[in-house]
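Thanks for asking me to go over this model with you.

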Amino acid sequence: DFYLEGPEETEPCRCLVCGHEHSKMARFCFFHRNITHNLIAMAKASGVYLALWRPDEINATKAGDLIPFLEQGLADLRADSPHFKAFNEPNGWGLYDHFVVFVEVCLVACRLYPESFVRVSR
């Protein structure tokens, strides 16, 4: 799972229905997408693995930090589709066509919300 979120709220969250105040602080989610881990080999080959699965390892905390990685990776994916289609999972759970769309959509979101915080769930 790949998330772009706002800063942590400083006020507790209050239920609009019953008024209960939740002690857990929340972040506003601007964007969320999920993709299968079966695409890790393709992600590594295209250079977007660290940006989308392990942004902390490249010190990327904000969406804007990921834009150059995603732009280059997307260009590489589009430039040599036969090479990357070789990474398709035979069971259909991890296909080039789905991954290109995933990278495209994540790039658009990063451009729309460059100051949002990146969070991943692996």
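The points below go from the overall fold to single residues.

1. **Ground rules.** This is a predicted model, in which local features need pLDDT of at least 70, side-chain atom pairs count only at pLDDT 80 or more, and totals for chains, interfaces and linings use all residues. Residues are numbered from 1 along each chain as its sequence is written, and side-chain values use heavy atoms, with hydrogens and water left out.

2. **Overall layout.** The protein chain has five helices and five strands, in the order β-β-β-β-α-α-α-α-α-β from the N terminus. Helices (H or I, at least four residues) and strands (E, at least two) are DSSP runs numbered from the N terminus. Of the 122 residues, 31% are buried; buried means under 20% relative accessible area, exposed over 50%, and partly exposed in between (1.4 Å probe, protein chains only). Among contacts (heavy atoms within 4.5 Å) between residues at least 6 apart in sequence, 68% join residues at least 24 apart.

3. **Salt bridges.** How many salt bridges does a search of the whole structure find? The search finds six, where a salt bridge is a side-chain nitrogen of Lys or Arg within 4 Å of a carboxyl oxygen of Asp or Glu. One of them joins the side chains of Glu-5 and Arg-119 at 3.0 Å, N to O. Glu-5 lies in strand β1 (residues 2–8) and Arg-119 in strand β5, so the pair ties together parts that are 114 residues apart in sequence. Glu-5 is buried, with a relative accessible area of 7%, while Arg-119 is partly exposed at 36%.

4. **Two further pairs.** Lys-62 forms a salt bridge with Glu-115, with the closest N and O atoms 3.0 Å apart. Lys-62 sits in the loop between α2 (49–53) and α3 (63–79), and Glu-115 in the loop between α5 and β5, 53 residues apart. Glu-115 is exposed, with a relative accessible area of 57%. Arg-78 and Glu-104 also form a salt bridge, and here the closest N and O atoms are 2.6 Å apart; this pair links helix α3 to helix α5.

5. **Ser-116.** Buried or exposed: which is Ser-116? Ser-116 counts as buried because its relative accessible area is 4%. Its loop is the one between α5 and β5, and its side chain reaches the backbone oxygen of Tyr-113 at 2.7 Å. Leaving aside neighbours within four places in sequence, the residues in contact with Ser-116 include Glu-5, Phe-30 and Lys-62.

6. **Cysteines.** A disulfide is a covalent bond between the sulfur atoms of two cysteines. A search of the whole structure finds zero disulfides, taking a disulfide as a pair of cysteine sulfur atoms within 2.5 Å.

7. **A nonpolar patch.** Phe-28, Phe-30, Val-108, Leu-112 and Tyr-113 make a nonpolar surface patch of about 490 Å². The elements giving two or more residues to this patch are β4 (27–33) and α5 (96–112). Tyr-113 itself is partly exposed, at 32% relative accessibility. Patches are made of residues with over 30% relative accessible area and no salt bridge: like charges are joined within 9 Å, and nonpolar side chains (Val, Leu, Ile, Met, Phe, Trp, Tyr) within 5 Å.

Note on methods
Areas by Shrake-Rupley, 256 points an atom, 1.4 Å probe, with all protein chains shown as cover. Polar contact = N/O pair within 3.5 Å; in protein donor to acceptor, adjacent residues only side chain to side chain.
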